[in-house]
Amino acid sequence: MSSGIVLAHARFELPLRHVFTIARGSVAVQETFIVQLGEGDQRGYGEATTNPFYGQSIARMAAAAERVRPSLAEATTDDLDATLGRVAAALPDEPFARCALDMALHDLAARRAGQGLAAWWGLDRSRGPVSNFTIGIDTIPVMREKLTAASDWPIYKIKLGTSDDLDIVRELRRHTDRPFRVDANCGWSADQAIALSRPLADLGVEVIEQPLPPGDPAMAEVFRRSALPVFADESCAAEGDVDGCAGRFHGINIKLVKCGGLAPARRMIARARDLGLAVMVGCMTESTVGISALAQLVPLLDHVDMDGAALLATDIASGVRVVAGRATFPDRTGTGVELLGGALSTTSRADGT
């Protein structure tokens, strides 16, 4: 029996190889929140990046983590479900902080069990889809350069939501015959989505992700008339959103930070299967800490977007590496993460207090 779980957390900056732009903004350096949980002689790690669209800052996540410090000190991963439930109940409106804590708890529990996390769940990590590589919005020549620089990846996700969307895809298609997915990040109208779907299909696009803003009633019409499958992202942030996607989307893209971590993501996957929805799990622009956690879910998925760490100029951790779309797992327990600067001090706090 352990003597409780020790919490530490820290803020890191993740410089990107290129400025990353989607329909609603750009980022050159991504702030991220890292949680370290210790129990006995083992440590587990989790991550959540900041996100202005969802009102998520380092200060907010750090404050949320501090609220569960006392309960973690009395908890154990020997009963992981109970500890996860305690964290979720204490932080119902803080999915990003819950995500970092949830990842760290899963990592810690599997390490204490002496297994990789996927194996601890009973999954075969040699199974599952390969990852796409994401090309953010830029000038068409720069987007072409990004595609060429990532020519060994098997699939490309192209961020759209501009006045030149079809020209972008036509130009990129001239330089590869590999499959495309497109993500409008809520940047289209229903008429645009329907009108673009056929020429995009003719250009080898497989999926359109989140064409309309969440809650737009016209999504049902897009679902009926689109020449391509449509996947929900912003429309499927949390567990309670999955049922509402049936009849409006063909599949869902789960983001761990939005739903609160691995445990709720696994429940969302199971519910989507019940409803006949295809399942993707996607990443943010994040470090190998978050990507290593996400990679444990790959055997359960139809599609995966886990290129976040590949977009960085400098990483902060080693662990699962995604090269040319394929995950390589280290010979370590848990999610396989180790911070490159060494473990955090047990008194480390991201807010500096």
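Analyst: Cys236 is buried, at 2% relative accessible area. Buried here means under 20% relative accessible area, exposed over 50%, and partly exposed in between, using a 1.4 Å probe and protein chains only. This is a predicted model, in which local features need pLDDT of at least 70 and side-chain atom pairs count only at pLDDT 80 or more, while totals for chains, interfaces and linings use all residues. Residues are numbered from 1 along each chain as its sequence is written, and side-chain values use heavy atoms, with hydrogens and water left out.

Cys245 is buried too, at 0% relative accessibility. Its sulfur lies 4.0 Å from the closest cysteine sulfur, that of Cys236, which is too far for a bond. A disulfide is a covalent bond between the sulfur atoms of two cysteines. The cut-off used here is a pair of cysteine sulfur atoms within 2.5 Å. The structure holds zero disulfides. Cys236 is in none, and its nearest cysteine sulfur is that of Cys245.

Next, strand β9. Strands (E, at least two residues) and helices (H or I, at least four) are DSSP runs numbered from the N terminus. β9 spans residues 251-255, and five of the five are buried, so the strand is largely enclosed by the rest of the structure. In a regular strand the side chains alternate between the two faces of the sheet. Both faces of β9 are covered. Gly251, Asn253 and Lys255 are buried on one side, Ile252 and Ile254 on the other.

β9 has partners. Two strands pair if DSSP finds at least two bridges between them. Strand β8 (residues 230-232) pairs with β9 in the parallel sense over two bridges. Phe231 has Gly251 of β9 as its bridge partner. Strand β10 (residues 278-282) also runs parallel to β9, joined by five bridges. Here Asn253 stands opposite Met280 of β10.

Helix α13 (residues 288-295) is likewise largely enclosed by the rest of the structure, because eight of its eight residues are buried. Among them are Val289, Ile291 and Leu294. At the start of α13, a side-chain oxygen of Ser287 reaches to within 3.1 Å of the backbone nitrogen of Val289.

Note on methods. Polar contact = N/O pair within 3.5 Å; in protein donor to acceptor, adjacent residues only side chain to side chain.
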